[in-house]
Amino acid sequence: MTPARQRPPQVVAHRGASEDAPEHTLAAYRKAIEDGADALECDVRLTADGHLVCVHDRRVNRTSNGRGAVSALELSDLSALDFGSWKTRDPFGGRTEEPDWEYGPEDREATSVLTLERLLELVADADRRVELAIETKHPTRWAGQVEERLLLLLKRFGLDAPRSPEKSPVRVMSFSARSLHRVHAASPTLPTVHLMQFVSPRLRDGRLPEGVPIAGPSIRIVRSHPAYIERLKRSGHQVHVWTVNDPRDVDACVGLGVDAIITNRPRAVLDQLGR
């Protein structure tokens, strides 16, 4: 293994503090900021009326009391749904202890559908620097309109054209190389992350798609192919690993010198890192 980096990895809250609160809700992101996460991760999809919302699945069935595809629903339809109570019904992945979060139906904003605009406002209002990792979900019927709307929204917040990738508090992630190409072509200084579930044969030597500086391998890749992570690092790429919840995996990531750990449990990972 390579020597551990002197700087500790960034801790990124995956869909917010999603072990404790319902994923992609304002409650989850508030908790992540309170827990001390360095950055927040979110998935974005485009509604039928052109709004970017933070929802992972193509359909809302799993995380709300509604049904249907996000791309076929308008924001008003999504706003009428409950994105919080399912977490109370969830068995917490076999955990024996209750989460810190409790469902409060009176706090509608905290558990309603979350727009990316509202999440950007939350980050802007934080009393410290909080970065944002935005994943574009593909395939979708809206194709390139997702990236177009995303860049327009980032421009409203002055985040679309950072002076350099290193200075940017926002990065765009995707499994779709085409999505990342669209972003890079429109905003060359906005950092992009190539997410991967497996190692592509054409990229095994540590290369990434053109214009992409950051690799986003799954924790399964880290476990199975640690030498690949070393090749990425030797090639000069940052490495952001998802989704890292087991303490042994955290140790493995630190040992390999990864740059960011994306986790459902940011406070626990920060504690393990001694922060």
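**Pockets, a helix and the backbone**

User: How much space lies in the second largest pocket?
Analyst: This is a predicted model. In the second largest pocket lies a space of about 370 Å³.

User: Which residues are the closest to the centre of that second largest pocket?
Analyst: The second largest pocket is lined by 19 residues. Strand 2 (39-46) and helix 8 (219-224) are the elements that give two or more residues to this lining. The closest to the pocket centre are H14, R15, F175, W242 and T243.

User: How many charged residues are in the lining of the second largest pocket?
Analyst: Sort the lining by class. Six residues are nonpolar and seven are polar. The charged residues number six.

User: Where is T243 found, and what is the peptide bond from W242 to T243, cis or trans?
Analyst: T243 is found in the loop between strand 8 (238-241) and helix 10 (247-256). Most peptide bonds are trans. From W242 to T243, omega is near -25°. That bond is cis.

User: Which residue does a cis peptide bond join to H138?
Analyst: Look in the loop between strand 4 and helix 6, where P139 lies. Omega is about 0° for this cis bond. The residue joined to H138 is P139.

User: What is the phi of R15, and is R15 buried or exposed?
Analyst: R15 lies in the loop between strand 1 (10-14) and helix 1 (26-35). Most residues other than glycine have a negative phi. R15 is not a glycine, yet its phi is positive, at about 60°. Its relative accessibility is 13%, so R15 counts as buried.

User: What is the phi of A143?
Analyst: A143 lies in the loop between strand 4 and helix 6. At 31% relative accessibility, A143 counts as partly exposed. A143 is a residue other than glycine with a positive phi, near 45°.

User: Why do the buried residues of helix 7 line one face of the helix?
Analyst: Helix 7 (residues 177-186) has S179, L180 and V183 as its buried residues. Seen down the helix axis, these buried residues line one face because they fall within an arc of 95°.

User: Which exposed residues does the face of helix 7 turned away from its buried side carry?
Analyst: Start with the buried side. Its residues pack against strand 4 (131-136), helix 6 (145-156), strand 5 (170-174) and strand 6 (192-196). The face turned away carries the exposed residues R178, H181 and A185.

User: With which side chain does the side chain of E147 make a polar contact?
Analyst: E147 lies in helix 6. At 1% relative accessibility, E147 counts as buried. Leaving out residues up to four places away in sequence, E147 touches T136, H138, S179, R182 and V183. The polar contact, at 3.0 Å, is with the side chain of R182.

User: What is the volume of the largest pocket, and which residues are the closest to its centre?
Analyst: The volume of the largest pocket is about 590 Å³. Its lining holds 21 residues. By class, seven are nonpolar, five polar and nine charged. The closest to the centre are R7, Q10, E131, R171 and Q238.

User: How much space lies in the largest cavity?
Analyst: The count is one cavity of 30 Å³ or more. E23, H24, T25, C54, V55, H56, T63, F83 and L114 line the largest cavity. By class, four of these are nonpolar, four polar and one charged. The space in the largest cavity is about 60 Å³.

Technical notes. Residues are numbered from 1 along each chain as its sequence is written. This is a predicted model: local features need pLDDT of at least 70, side-chain atom pairs count only at pLDDT 80 or more; totals for chains, interfaces and linings use all residues. Side-chain values use heavy atoms; hydrogens and water are left out. On a 1 Å grid over the protein atoms alone, a cavity is a set of points where a 1.4 Å probe fits but cannot get out, and a pocket is an open set with protein on both sides within 12 Å along at least five of seven lines; lining residues have an atom within 4 Å of a point. Grid points are joined across faces, edges and corners, and a volume is the space filled by probe spheres set on the points. Ala, Val, Leu, Ile, Met, Phe, Trp, Tyr, Cys and Pro count as nonpolar, Asp, Glu, Lys and Arg as charged, and the others, Gly among them, as polar. Buried means under 20% relative accessible area, exposed over 50%, partly exposed in between (1.4 Å probe, protein chains only). Helices (H or I, at least four residues) and strands (E, at least two) are DSSP runs, numbered from the N terminus. The arc is that of the directions from the helix axis to the C-beta atoms. Contact means heavy atoms within 4.5 Å. A polar contact is a pair of N or O atoms within 3.5 Å; within protein, one must be able to donate a hydrogen and the other to accept it, and residues adjacent in sequence count only if both atoms are side-chain atoms.
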